[in-house]
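Hi,

Here is the structure I promised to pass on. Have a look at it first, and then read my notes below.

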Amino acid sequence: MTTRSAEHTTFVIERRLKAPVARVFRAWSSPESKRQWFACHGDWASLEYALDFRPGGAEKNYVADTDGLLHAYDAHYIDIVPDSRIIYAYEMKLGETRISASLATVAFKAEPGGGTRMVFTEQVVFLDGYADNGARLQGTEIGLNNLELFLERETSPIH
C-alpha cells in the first residue's frame, strides 16, 4: 500500500528580459514559440506537445527521458490578461504516477528602456513521498534560461 503524503513549497523566479512585454508574452502564448524554449532537458525525446492558450484552455508536453520514462505535463489555463499575467494549474506524472500538482503565476511588467520584468511564482505540492530535492526549481530555471536565449535569438539580426 502506498503511503499518502503532500509536501508543499513555493518558489519565485524573477527575470529582467531585454525584450518588450508583448514579445515576452507572445513567447508564452504562441505554440510555435513556446515549444522552442519550454524544455529543461535538451536530450529528452518529445512525444507530444499541444497548446490551447486561452482561459479554460490546456497545454500538454509529454517527453521521454534517456531511459524512455514518460514525463507528462498537463496544464489548465485559469486566467490570462494579455501582456500582464498568466495563471495556470498543472500536474506532472512520471509514467502513470502523479508526482505533483502546481499553481503557477507569470506576471509581466514593462521596464524603462523597453525591457520586461517577469516574475514567475509556483506553489507546488509533491505527492506521496516523491523526493524532488530541488529539481523542479532547477528545471524551471533552465526553462526560463531557454526563454531568455529564445528572445535573444528572435531579436538577433542573424538567426
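Let me start with the pocket. H2, E2, E3, E4, E5, E7 and H3 each supply at least two residues of the lining of the largest pocket; helices (H or I, at least four residues) and strands (E, at least two) are DSSP runs, numbered from the N terminus. Before going on, the ground rules: this is a predicted model, where local features need pLDDT of at least 70 and side-chain atom pairs count only at pLDDT 80 or more, while totals for chains, interfaces and linings use all residues. Residues are numbered from 1 along each chain as its sequence is written, and side-chain values use heavy atoms, with hydrogens and water left out.

Back to the pocket, which holds about 830 Å³ of space. For the method: on a 1 Å grid over the protein atoms alone, a pocket is an open set of points where a 1.4 Å probe fits, with protein on both sides within 12 Å along at least five of seven lines, and lining residues have an atom within 4 Å of a point. Grid points are joined across faces, edges and corners, and the volume is the space filled by probe spheres set on the points. The lining counts 35 residues, and Ala39, Cys40, His41, Met92 and Gly139 are the closest to the pocket's centre. H3 gives the most to this lining, with 9 residues. Sorted by class, the lining has 21 nonpolar, 10 polar and 4 charged residues (Ala, Val, Leu, Ile, Met, Phe, Trp, Tyr, Cys and Pro count as nonpolar, Asp, Glu, Lys and Arg as charged, and the others, Gly among them, as polar).

Next, the core. The largest nonpolar core has 32 residues, and those with the most contacts inside it are Trp28, Ile86, Tyr88, Phe108, Met118 and Phe120. Two or more residues of this core come from each of strand E1 (6–17), helix H1 (21–29), strand E2 (45–51), strand E4 (70–81), strand E5 (85–94), strand E6 (97–110), strand E7 (116–127) and helix H3 (135–155). H1 provides the largest share, 5 residues. Here a nonpolar core is a set of buried Ala, Val, Leu, Ile, Met, Phe, Trp, Tyr and Cys residues joined through side-chain atoms within 4.5 Å. Buried means under 20% relative accessible area, exposed over 50%, and partly exposed in between (1.4 Å probe, protein chains only).

Leaving aside neighbours within four places in sequence, Met118 is in contact with Ile13, Glu14, Arg15, Leu17, Val24, Trp28, Val106, Ala107, Phe108, Leu144 and Leu147, where contact means heavy atoms within 4.5 Å.

How many salt bridges are there? The count comes to 11, taking a salt bridge as a side-chain nitrogen of Lys or Arg within 4 Å of a carboxyl oxygen of Asp or Glu. Here are three of them:

- Arg117 pairs with Glu14, the closest N and O atoms being 2.9 Å apart. This pair links distant parts of the chain, with Arg117 in strand E7 and Glu14 in strand E1, 103 residues apart. Arg117 is partly exposed at 28% relative accessibility, and Glu14 is partly exposed at 38%.
- Glu59 meets Lys34 at 2.9 Å, N to O. Glu59 lies in strand E3 (residues 58–64) and Lys34 in helix H2 (residues 31–37), so this bridge ties together parts that are 25 residues apart in sequence. Both Glu59 and Lys34 are buried.
- Asp52 pairs with Arg54, with 3.0 Å between the closest N and O atoms. Asp52 is partly exposed at 32% relative accessible area, and Arg54 is partly exposed at 41%.

Salt bridges that share partners also join Glu14, Arg16, Glu111 and Arg117 into one network.

Not counting residues up to four places away in sequence, Thr116 touches Arg15, Arg16, Leu17, Ala19, Pro20, Val21, Val24, Phe108, Lys109 and Glu111. Thr140 sits in helix H3 and is buried at 13%. Asn61 belongs to strand E3 and is buried too, at 14%. The C-alpha atoms of Asn61 and Gly113, 52 residues apart along the chain, are separated by 34 Å.

Cheers
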